[in-house]
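Hi,

Here is the structure I said I would pass on to you. Have a look at it first, and then read my notes below.

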Amino acid sequence: MFAAERRQLILEMVRANGAVSLRELARVVQTSEVTVRRDVRALEAEGLLDRRHGGAVLPGGFTRESGFPQKSHLATAEKTAIADVAASLVEEGEAVVVGAGTTTQELARRLARVPGLTVVTNSLLVAQALAHANRVEVVMTGGTLRGSNYALVGSGAEQSLQGLRVSRAFLSGSGLTAERGLSTSNMLSASVDRALVQAAAEVVVLADHTKLGTDTMFQTVPTDVMTRLVTDEPPPHDDRAATELQALADQGVQITVAGGGGVSVGGDGMAGRRPRRDSPLPVQRRGGPPAQLRSASPLSDPGERERARVADMRRRQQG
């Protein structure tokens, strides 16, 4: 077992139990207490846990990672709408990579209808959703199974992605900010996600509004690598989500908002305006009529920003 894998396992044990003895850690990772003590010291230096006499404990204020059963019941309607839009971006005969997560699992269920598609994934749940799709080829990575999210991680997964090239990658995570991009709370999952990104010409991030403005430990997709963000419409008074959307757009990320009604994003470049439509593709919402795909494209040219501001002022005066 590599040091990174051993330390990630130590972290997961501490998060699951709150406190674990060095003897128990050594037994589980199958190494000596001397090696475990060195690993714990390194993790403490990174602020990931605290050492105690004969063991390790959670650092103050550190929250445990939610497991798959908990995540699968969060923002289900939003994830469905996001998956509908993301699936509309995939064309017949493409080759894509799909990472692990509850939102990407929803996407996989829709990709089963795309003929001639090749999907590379490290997620058992994504593979299961595509298992009976006659016209879709599924390629699984190697690696070690991480039971909390049913994903293959570790050096085996990363090595199996070397030399791979596909049109785009679809990834989710635990948090998304304009400053750091997409992040997750698991070291091994983050490492595999970075390998998935390296294999793709374009990177599409799937994140519902609850993840906007949330920053977690391990960066997976830097903002300057993200091609597009597919998200849902934030609540009217969610200033944090609106601020992050504006900042992401200012940095060149194409923002596609699933669902009807659009979204207003704060900031100089897009103040008081709805996102600009760049495609009339329909988005089928559960329990309602089709909505329209809306996209907020960044206004990077100063002249374009000024023209948009003047036009907006004229519209308000005429109204």
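Is Ser123 buried or exposed? Ser123 is buried, with a relative accessible area of 1%. Please keep in mind that this is a predicted model, and that goes for everything else in this email too.

To find Ser123, go to the loop between strand E5 (117–121) and helix H7 (124–130). Its side chain reaches two backbone nitrogens: that of Leu125 at 3.3 Å and that of Val126 at 3.1 Å. If you skip its neighbours within four places in sequence, Ser123 is in contact with Gly99, Ala100, Met140, Tyr150 and Ala151.

Now for the overall picture. The chain has 319 residues, and 50% of them count as buried. You'll find eleven helices and 18 strands in it. Taking the contacts with a separation of 6 or more, 62% are between residues 24 or more positions apart.

Two other buried spots are worth a look. Pro115 sits in the loop between helix H6 (102–111) and E5. With a relative accessible area of 19%, Pro115 counts as buried, because the cut-off for that is under 20%. Leaving out neighbours within four places in sequence, Pro115 is in contact with Glu92, Gly93 and Arg135. Pro115 and Ala133 are 18 residues apart along the chain, and 8.8 Å separates their C-alpha atoms.

The other spot is Thr80, which is part of helix H5 (residues 76–88). Thr80 is buried as well, with a relative accessible area of 6%.

On to the helices, starting with H3. This helix covers residues 33–45, which makes 13 residues, and spans 18 Å from its first C-alpha to its last, close to the 18 Å expected. Its buried residues are Thr35, Val36, Asp39, Val40 and Leu43. They take up an arc of only 135 degrees around the axis, which puts them on the same side of H3. Why would that spacing work? An α-helix has 3.6 residues a turn, so residues three or four places apart point the same way. On the face of H3 turned away from the buried side, you'll see the exposed residues Val34 and Ala45. After H3 comes Gly47, which has a positive phi, near 75 degrees.

H3 also has a partner in helix H2 (residues 22–29): the two pack at an angle of about 105 degrees, with their axes 9 Å apart. H2 and H3 are therefore roughly perpendicular to each other. On the H2 side, the contact is made by Leu22, Arg23, Leu25, Ala26 and Val29, and on the H3 side by Glu33, Val36, Arg37 and Val40.

Last one: helix H9 (residues 187–198). H9 has twelve residues and reaches 17 Å from its first C-alpha to its last, close to the 16 Å expected. Ten of those twelve residues are buried, so H9 is largely enclosed by the rest of the structure. Among the buried ones are Met187, Leu188, Val192, Asp193 and Leu196. At the N-terminal end, Asn186 caps H9, with a side-chain oxygen 3.1 Å from the backbone nitrogen of Leu188.

Happy browsing!

Notes
Residues numbered from 1 in each chain as written. Predicted model: local features only at pLDDT ≥ 70, side-chain atom pairs only at ≥ 80, totals over all residues. Heavy atoms only, no water. Helix = DSSP H or I, 4+ residues; strand = E, 2+ residues; numbered from the N terminus. Expected span 1.5 Å × (residues − 1). Buried < 20%, exposed > 50% of the residue type's maximum accessible area, 1.4 Å probe, protein only. Arc of directions from axis to C-beta. Polar contact = N/O pair within 3.5 Å; in protein donor to acceptor, adjacent residues only side chain to side chain. Contact = heavy atoms within 4.5 Å. Axes fitted to C-alpha atoms, helices over the stretch in contact; angles between N-to-C directions. Parallel < 35°, antiparallel > 145°, perpendicular 65-115°, else oblique.
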